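Please keep the sequence and the three-dimensional view at hand while reading.

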Amino acid sequence: MKREMEMMEDVVIVGAGIAGLATAVALKRVGVRALVLERSQGIRATGAALTLFPNAWLALDALGVSHKLTRSYDPLFKGSVTNINTGDVQQVLFSEKGIRTVHRKALLEALAEELPTDTIRFSSKLAAIEIQEQGGGASIAVVHLEDGTAIKSKVLIGCDGVHSVVARWLGLAEPVHSGRSAVRSLAVFPQGHRFNHEVQLFVDQQGKRAAFIPLNDSEFYWFFTCKGQLS
């Protein structure tokens, strides 16, 4: 029989995505250590890129990481929305601070760099979660991993995505499909893409949306969304 190795942590965060790492950095800044459990073998790049509005940059300012991204991603101050059914084009101006589209992996790495090297435990797949009663009416969460490790924690935070093990353990409702599907990716042009540094969004009357958003002179982020499921 495999013998369990027991650990004790004040805070355990399940999931080393943007939410999990940002939570760990925020706790660190107020003097609270957290252990982050991630089932993957390393930082994941799923999602390609994302567009951040000024309120998101305020959050990154508070976490002390925005300066790492500002150097690489210039703000976008304007864009256009083209109706492909009518040909009408509407110009859009963003706030004076603009918006920025960043590589998802770059954002994750910027957050991870703020944490001690032993904060994130990769290849940590959850097998079970239970509550263990303590004296005086107190209780702690016990996270059991597939490798036989049992981690006791005063606080357990679930940041493990749509199919959250923590949410299921808490008895929360299953995720509801939004009714839309999407494809997202990066296009790379080593010689330069020659797009203007602005957002180009295309819509139709059936609910389809597509966009091209430059990250820099050689890469742009694109997506396509529609109602229903893509075949």
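This is a predicted model: local features need pLDDT of at least 70, side-chain atom pairs count only at pLDDT 80 or more; totals for chains, interfaces and linings use all residues.

**Overall make-up**

- Along its principal axes the C-alpha trace of the chain spans about 70 × 40 × 35 Å, and of its 231 residues 39% count as buried.
- When contacts between residues at least 6 apart in sequence are considered, 64% of them join residues at least 24 apart.

**Pockets**

- The largest pocket has a volume of about 380 Å³, and its lining is made up of 21 residues, with G15, R39, R44, D160 and G161 lying nearest its centre.
- By residue type, the lining of the largest pocket divides into eight nonpolar, seven polar and six charged residues.
- The second largest pocket holds about 210 Å³ of space and is lined by 14 residues, of which F53, F94, I99, V199 and I213 lie nearest the centre.
- Two or more residues of the lining of the second largest pocket come from each of β4 (78-83), β12 (199-203), β13 (209-214) and β14 (219-227), and β4 gives the most, with three residues.
- The lining of the second largest pocket comprises eleven nonpolar and three polar residues, with no charged residue.

**Nonpolar cores**

- The largest nonpolar core has 37 residues, and within this core I13, L21 and L111 touch the most other members.
- At least two residues of this core are supplied by each of β1 (5-14), α1, β3, α2, α4, β12, β13 and β14.
- A second, separate core of twelve residues includes V12, V14, L37 and V143.
- Leaving aside neighbours within four places in sequence, I13 is in contact with G20, T23, A24, L27, A34, L35, V36, L37, I157 and C159.

**Helix α4 and its cover**

- In helix α4, which runs over residues 104-112, the buried residues are R104, L107, L108, A110, L111 and A112.
- The elements that cover these buried residues of α4 include α1 (18-29), β3 (49-52), α2 (54-63), α3 (66-70), β6 (100-103) and β7 (120-121).
- An α-helix has 3.6 residues a turn, so residues three or four places apart point the same way.

- C159 counts as buried because its relative accessibility of 18% lies under the 20% limit.
- The C-alpha atoms of C159 and V14 are separated by 5.5 Å, although the two residues are 145 residues apart along the chain.
- Apart from neighbours within four places in sequence, C159 is in contact with I13, V14, G15, A19, G20 and T23.
- Q91 has its place in strand β5 (residues 89-93) and counts as exposed, at 55% relative accessibility.
- The C-alpha atoms of Q91 and A187 are 24 Å from each other, the two residues being 96 residues apart along the chain.
- With neighbours within four places in sequence left aside, Q91 is in contact with G79 and S80.

**Backbone angles and a polar contact**

- S123, which is not a glycine, has a positive phi near 50°; the residue is placed in the loop between β7 and β8 (126-133), and its relative accessibility of 44% makes it partly exposed.
- R194 likewise is not a glycine and has a positive phi of about 65°; its place is in the loop between β11 (180-188) and β12, where R194 is exposed, with a relative accessible area of 80%.
- H144 is found in strand β9 (residues 139-145) and is buried, with a relative accessible area of 15%.
- A polar contact of 2.7 Å joins the side chain of H144 to the side chain of E130.

Note on methods: Residues are numbered from 1 along each chain as its sequence is written. Side-chain values use heavy atoms; hydrogens and water are left out. On a 1 Å grid over the protein atoms alone, a cavity is a set of points where a 1.4 Å probe fits but cannot get out, and a pocket is an open set with protein on both sides within 12 Å along at least five of seven lines; lining residues have an atom within 4 Å of a point. Grid points are joined across faces, edges and corners, and a volume is the space filled by probe spheres set on the points. Ala, Val, Leu, Ile, Met, Phe, Trp, Tyr, Cys and Pro count as nonpolar, Asp, Glu, Lys and Arg as charged, and the others, Gly among them, as polar. Helices (H or I, at least four residues) and strands (E, at least two) are DSSP runs, numbered from the N terminus. Buried means under 20% relative accessible area, exposed over 50%, partly exposed in between (1.4 Å probe, protein chains only). Contact means heavy atoms within 4.5 Å. A polar contact is a pair of N or O atoms within 3.5 Å; within protein, one must be able to donate a hydrogen and the other to accept it, and residues adjacent in sequence count only if both atoms are side-chain atoms. A nonpolar core is a set of buried Ala, Val, Leu, Ile, Met, Phe, Trp, Tyr and Cys residues joined through side-chain atoms within 4.5 Å.
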